[in-house]
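Hi,

Here is the structure I said I would pass on.

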Amino acid sequence: MDHPAELISAPNSEAARPEIALVVPMRDEEGTLRALIETIQAQELQPSEIILVDGASTDGTVELARELTAEDPRYRIIEAGPATPGRGRNVGIAAARCDWIALTDAGIRLEPQWLSRLWDAARSQPEAGIVYGNFEPEVRSFFEECEALVFVHPRSPRPGGVMRGPFIASSLVHKDTWSRVGSFPDLRAAEDLIFMERVAAAEIPAAWASEATIWWKLPPSPAALFRRFSTFSRHNAWAGRQRQWHYGLARFYLLCGGFLVLALAASPAWAAAPPLLWLARVVRGMWIRRDSRSIGWLLAPHRVLGTAAVWAIVETASLVGWLQAYLGSRPETVRGTETGVVSG
């Protein structure tokens with residue numbers, strides 16, 4: 001993998017300023033785009049080009065993007081048709097002139113040092129073909145607090161420090177890495193996991209930047225949470241990833257069904273087993289994601305009940321999405337890059 005020698009040997013020179021493209025897939029992000037662009041403009045290390053790839057927004061996303069970026073020639077807006085996030089990233093990376101590609105998503109807030117810290121990690125490990133940054137959930141309500149205790153990955157020790165991740169929306173990828181592993185699958189979910197698994201399978205070295213942090217917006221309501229997880233579940237099933245998600249869920253509920261059969265056939269006392277097992281799963285998940293919080297905070301009754309309600313929404317949506325995957329037609333997986341209509 002080629003790395004410009006001057007970027008590594010002379011970090012303090014003007015020539016050391018890296019050429020990095022930032023690629024952002026977006027769809028119906030009129031309400032969040034302004035905040036994202038403000039955090040891009042506030043980056044300590046500015047990207048050389050910023051490519052916004054729209055996936056057929058039905059609101060004013062494209063018009064707002066043109067308005068907000070009209071005075072900055074680094075921005076390009078690509079209208080890629082009904083593109084999934086996977087295809088949107090492929091379109092943007094293919095269009096980028098730079099070798100290094102920073103990836104994030106609309107609806108995300110970048111800390112000012114995000115890109116500079118990703119680049120510091122890449123520069124310190126010149127053999128790396130991908131750099132993973134940290135992410136944190138935006139928690140502004142009790143509902144979002146409970147969501148974080150259900151499905152936000154806990155912090156883990158990595159070579160770059162304790163952090164959350166890997167997370168493709170907080171990453172820096174060399175274009176050679178993207179080409180070698182066959183780009184992103186054309187899916188609305190699981191495309192990031194599949195891509196990262198391909199990178200690991202290809203034994204491409206990764207660097208970790210624990211202080212390169214983005215803030216990830218959680219679904220703001222039960223309805224939004226249900227829609228997100230049913231979509232995730234459906235696309236994961238289409239991608240053939242039932243073993244990593246759905247089969248474990250099915251095994252648990254089959255076990256619960258077995259206890260209910262025992263309750264009918266032997267003793268009603270067995271009927272207590274399914275709700276106790278389910279509650280144990282909820283508490284275990286809370287414990288894993290507690291970070292440094294106290295046991296008293298974690299096991300407060302209202303918090304356990306709230307987290308259990310969110311857990312129920314997520315698992316119901318997962319089962320519904322799995323069923324939808326079997327009843328609906330599976331989309332073709334696009335492994336190559338696509339082209340779109342460039343505007344702006």
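Below is what turned up, starting with the backbone and moving on to the charged side chains.

First, the ground rules. This is a predicted model, so local features need pLDDT of at least 70 and side-chain atom pairs count only at pLDDT 80 or more, while totals for chains, interfaces and linings use all residues. Residues are numbered from 1 along each chain as its sequence is written, and side-chain values use heavy atoms, with hydrogens and water left out.

Helices (H or I, at least four residues) and strands (E, at least two) are DSSP runs, numbered from the N terminus. Buried means under 20% relative accessible area, exposed means over 50%, and partly exposed is in between (1.4 Å probe, protein chains only).

Now the backbone. Gly-165 and Pro-166 are joined by a cis peptide bond, with omega at about 15 degrees. You'll find Pro-166 in the loop between strand E8 (161-163) and strand E9 (171-174). Asp-28 is not a glycine, yet its phi is positive, near 50 degrees. Asp-28 sits in the loop between strand E1 (20-26) and helix H2 (33-41), and it is partly exposed at 33%. Glu-203 also has a positive phi, near 55 degrees; this residue is in the loop between helix H8 (191-201) and strand E10 (206-217) and is exposed at 68%.

On to the charges. Side chains of opposite charge can pair when their charged atoms come close. A salt bridge here is a side-chain nitrogen of Lys or Arg within 4 Å of a carboxyl oxygen of Asp or Glu, and the count comes to 17.

Which parts of the chain does the pair Glu-145 and Arg-303 tie together? Their side chains meet in a salt bridge at 2.6 Å, N to O. Glu-145 lies in helix H6 (residues 142-151) and Arg-303 in helix H13 (residues 301-327), so the bridge ties together parts 158 residues apart in sequence. Glu-145 is buried at 18%, and Arg-303 is buried at 8%.

Glu-197 and Arg-241 form another salt bridge, with their closest N and O atoms 2.8 Å apart. Glu-197 is in helix H8 and Arg-241 in the loop between helix H9 (222-238) and helix H10 (246-265), 44 residues apart. Glu-197 is partly exposed at 40%, whereas Arg-241 is buried at 8%.

Finally, look for Glu-136, Arg-155, Arg-164 and Asp-291, which are linked in a network of salt bridges.

Cheers
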